Amino acid sequence: MTSFKERTTLNETLSLTKKSPAKGSFSYRTTRAISRIFNAAQMGFAEAYINGLEIPDSVMRSAMKASMPLFFRYFPGLLAPYEWVLTESDRTAEGSKDLMKLQYDLPQTMLNQMLGNWELIYPKYSTGFWERGAKDLEESQMHMIDQIIERLDIKDGDNILDFGCGWGCVPNYILSKFPNVRFTGLNLSHRQCEFMRDKMSDPNSHLSSGRFALYEGDLNEAKFDESFDKVLTVGVFCHVGNLTRAFQKLASIIKDDGKVFIHIITVRTPNNMSSGFTHKYIFPHGRYWNYDAVPECDHDLKTVQRWYMNGMNYHKTLTAWLERFDASQAQVKDLDYGMDYAKFRRMWRLYLLLLGTIFSTCDGEYNGNGQFLLTKA
Ligand SMILES: C[S@@+](CC[C@H](N)C(=O)[O-])C[C@H]1O[C@@H](n2cnc3c(N)ncnc32)[C@H](O)[C@@H]1O
């Protein structure tokens, strides 16, 4: 049996030579029609589950593990439930307000319990990196940020933008390592920004060092008065519907020798992927770009290096989040979710189980994270 690390390296060669059928062709129209039926069936199951259908986690995991390889290998077109998943949208990011309401501005106690909140590692809503032997979630997140530091070649004195900075975890960790780095964090989530503003006046936080600036706003409209040495963006581009526009913006805000590091969920299938269930209940307009999408749309930037990170990393992270989500029920069940907690809990358990299992399908070789290093074209 090959090791976790060897598998990732071996399968770096997995090629994407298969092309999606041309738009308008018979094959394309047939795939679209079947995908609509498939999506309706999936939604029917998801809504039955949310409304109380009892299915043990083990049965659900087994069913997904048995069926997902077939979709990845033979029917990837069915994993795109809507036509918009396949192409770029008009706006850089669509439906951002709905996304904040349904996801990022949910009760923060629930999210923070699920993601973890430690002295240096604040809630981080993206994969940990487990391949260097991390013993727990907190350490896996440190290893993840260490890898970003290496791959983006962060140097002391850099002026860095974190595009979609969450609760400020990545800036806080990097500021703790480099005494002269400066950071700007961009985020539309008001509640996550409140968390960071508290930290900016907490002497124990590196966000209070005077080297962190917060920009609360939508990436669609964001404008900056300065240019950056480095831009990093972690777990945000699943919310970006138009890569070309996003890269135009990033190219306009980095210095001539600046670098951009994009870390996103990716699929090594010919087409992008999404799910009707997550679009409606968890991440409106979310999509997982295929591994070739970034280099294909990087007209104003140039992809100089890319890496595929095996999906077992996200599988382990999502498993840890699900355990923490389950363990925190007593503390979070009375918060305001806009619906009954029992229903909310079933919805979120389905999300965490579904994604966690999909990342582990085919040993993590189809659905994982893509990392892309870009410079000015
Ligand atoms: C999955 S989280 C990742 C957060 C952080 N980078 C991390 O790794 O923990 C995505 C982040 O992007 C932010 N975001 C999503 N859409 C946005 C938009 N249109 N404008 C600004 N921020 C946005 C969310 O509020 C959230 O903080």
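These questions and answers set the computed values for one predicted model against the definitions behind them.

In this predicted model, local features need pLDDT of at least 70 and side-chain atom pairs count only at pLDDT 80 or more, while totals for chains, interfaces and linings use all residues. Residues are numbered from 1 along each chain as its sequence is written.

Q: Why does the radius of gyration of the chain agree with that of a compact globule?
A: The radius is taken over C-alpha atoms, and the globule rule is 2.2 Å times the number of residues to the power 0.38. For 377 residues a compact globule would have a radius near 21 Å, and the chain has 20 Å, so the two agree.

Q: Why is strand 8 called largely enclosed by the rest of the structure?
A: A residue is buried if 20 or more other C-beta atoms lie within 10 Å of its own, exposed if 12 or fewer, and partly exposed in between, with C-beta atoms placed from the backbone. Strands (E, at least two residues) and helices (H or I, at least four) are DSSP runs numbered from the N terminus. In strand 8, residues 367–376, seven of the ten residues are buried, and therefore the strand is largely enclosed. Of the 377 residues of the chain, 44% count as buried.

Q: What makes strand 5 and strand 8 a pair, and in which sense do they run?
A: Two strands pair if DSSP finds at least two bridges between them. Strand 5 (residues 254–267) is joined to strand 8 by nine bridges and the two run antiparallel, with Thr-266 standing opposite Gly-368. Strand 7 (residues 301–309) also pairs with strand 8 in the antiparallel sense, over eight bridges, and here Thr-303 stands opposite Leu-374. Strand 4 (residues 228–234), by contrast, is joined to strand 5 by six bridges and runs parallel to strand 5.

Q: What makes the span of helix 3 close to the expected value, and where does this helix bend?
A: The expected span is 1.5 Å times one less than the number of residues. Helix 3 (residues 57–73) has 17 residues and reaches 24 Å from its first C-alpha to its last, close to the 24 Å expected. The bend at a residue is the angle between axes fitted to the seven residues ending there and the seven starting there; at Ser-67 helix 3 bends by about 30 degrees, and Pro-69 follows within four residues.

Q: Which helix gives the most residues to the shell around the ligand?
A: Helix 4 gives the most, with three residues.
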